Amino acid sequence: MKVKPAERAGSVQEYYFSSKLRQIDEMRKAGIDVINLGIGSPDQPPSENTVRRLANEAAKPNVHGYQSYSGSPVLRKAFADWYRKYFNVVLDPATEIMPLIGSKEGIMHISMAFVDPGDEILVPDPGYPTYSSATRLAGGIVKPYDLNETGKWLPDIAKLEDSDLSRVRLMWINYPHMPSGAKANIRIFEKLVGFAMKHNILLCNDNPYSFILNNDHLSLLSVDGAREISIELNSLSKSHNMAGWRIGMAASNGEFISTVLRVKSNMDSGIFLPLQLAAAEALGNDGEWYLKVNRVYSERRIAAGEIFSVLGCTWDPGQSGMFLWGRLPESYGSCEEFSDNLLHSSAVFITPGFIFGNNGKRYIRISLCSSAELLIEAKQRIEEFRNKKDNNTINRFNSTL
C-alpha cells in the first residue's frame, strides 16, 4: 500500500518563492540572464565587527556543543539593551526574551503553542503567507481581515468588532507592514491592545522591518498592558543584514515565553553559540551603521520608483521596509499574469501581489535587495520591450505592458 501523507501536509502548498526560484534557476541554466527583484534577502553584509566576532568565537575549541534552549544570556541581554535603546521597552532578559532560529520559526512555535484545532486566527490580507500556513499546520482556521490602501493598510477595528469573534484565539499584525510598507502608530497599537483584551485574543506583532527606511522604531510592547496579551517577534535578518544567519527573538511576559519554550525545546537543540555572540555584537552597532545601510536602500527606492513609473503604477514614496509596493493600472490583466509575462518577455521578475492575499491582486512588489545599477538595468529592459515594433511579440505579451 502506498504511504499517504498526513492531512496537514495537504493543507498547505509549496511556498510560492520556492517554486518560482526553481523556475528562475532553470531559465538561467538555459542561458537567460534573469534579474530577480522578488526576494527580500539583503545583499549588503553585516557590520565588520559582527563577522569578525563570529570568526573569533568559532575558532575557540569549546563552543561547538549543544546550547541552552533559552539562548545565551549574552544574547538575551543584548536584545534587552536593544529594545530599551530603540523602542523604549524594558524587558527582563532572563524571562521575557527568547532567541529563535529566525522569527519565521517563532510564527510556527507560537501557532503550535496557542492554536488548537478549530480555533480561528485573524490573519492580515494582504500579509505574510506564513501566518496562514502556520495556522493550517497547527489545525487552526484562517480568518482573513482586510487591509487596503484607502485605510492606509491598518486594521478596521470597528469592522472586526462587528464580526463573529467567538472562536478567535489569535491575531497576527505586522508593522511596519509587509508588503505595503505602511507604518502603524501608537494610537492604533493602543486600540488593538484594547480590542485583544476585550475579546481575550492573543495579539502577535511581527516586527522585523523597523530599521529599514524608518526612523520611528515602534514596539507593540510599548503600549501599557500589551505584555499581558501580546507577543512580539523581531529578527536580525532585515535590520542587520543577517538573513542566512537565522537569528530572531520573541518577547512577552514570562508565562507566554515559557509556553513557547515547551514547544521549541522539542523542535530544536539551540543555536550555535558563536552565532549568538556575533548577533549580540551586531545589536550593539552604532546609529551610523544603520544610517549607512539606509542610504543604500533610499537610493534603490528611487530606482524602483522609476520602474513603477515606466509601468504606470502608483505607489506611496514614503513606504518603510525593503520593498516597494505599487498598484497596477486597471488596464492591465491579473498581477500573476503580468509578473509571468514580464519574466518571459524582459527576464525581469517582480513579485505579484496575489501571493499576499485577495487584497494584493492589483499590486506588485519590487525588492530593494538588488543594486541600483541592477534596478536601472531592469527598467531599461522593460523600456526596450515596450519600444519594440514587433506586433507578434506584443500580442504574446497580452498587451499587459
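1. Overall make-up. The protein chain has 14 helices and 13 strands; helices (H or I, at least four residues) and strands (E, at least two) are DSSP runs, numbered from the N terminus. The radius of gyration is 22 Å, close to the 21 Å that the globule rule gives for 401 residues, so the chain is as compact as a globular protein of that length. That radius is taken over C-alpha atoms, and the rule is 2.2 Å times the number of residues to the power 0.38. Along the principal axes, the C-alpha atoms fill a box of roughly 65 × 60 × 55 Å.

2. Basis. This is a predicted model: local features need pLDDT of at least 70, side-chain atom pairs count only at pLDDT 80 or more, and totals for chains, interfaces and linings use all residues. Residues are numbered from 1 along each chain as its sequence is written, and side-chain values use heavy atoms, with hydrogens and water left out.

3. Pairing requires at least two DSSP bridges between two strands. Strand 9 and strand 10 (residues 323–327) run antiparallel and are joined by two bridges. Thr314 has Arg327 of strand 10 as its bridge partner.

4. Backbone points to check. Most residues other than glycine have a negative phi, and most peptide bonds are trans. Tyr175 and Pro176 are joined by a cis bond, omega about -5°. The bond from Met178 to Pro179 is also cis, with omega near 25°. Pro176 lies in the loop between strand 5 (168–173) and helix 7 (186–199), and Pro179 is in the loop between strand 5 and helix 7. Trp153 has a positive phi, near 60°. Trp153 sits in the loop between strand 4 (141–146) and helix 6 (157–161).

5. Cavity. The largest cavity is lined by residues including Pro176, Met178, Pro179, Tyr209 and Phe323. On a 1 Å grid over the protein atoms alone, a cavity is a set of points where a 1.4 Å probe fits but cannot get out; lining residues have an atom within 4 Å of a point.

Notes
1 Å grid on protein atoms, 1.4 Å probe; cavity = no way out; pocket = protein on both sides within 12 Å on 5 of 7 lines; lining within 4 Å.
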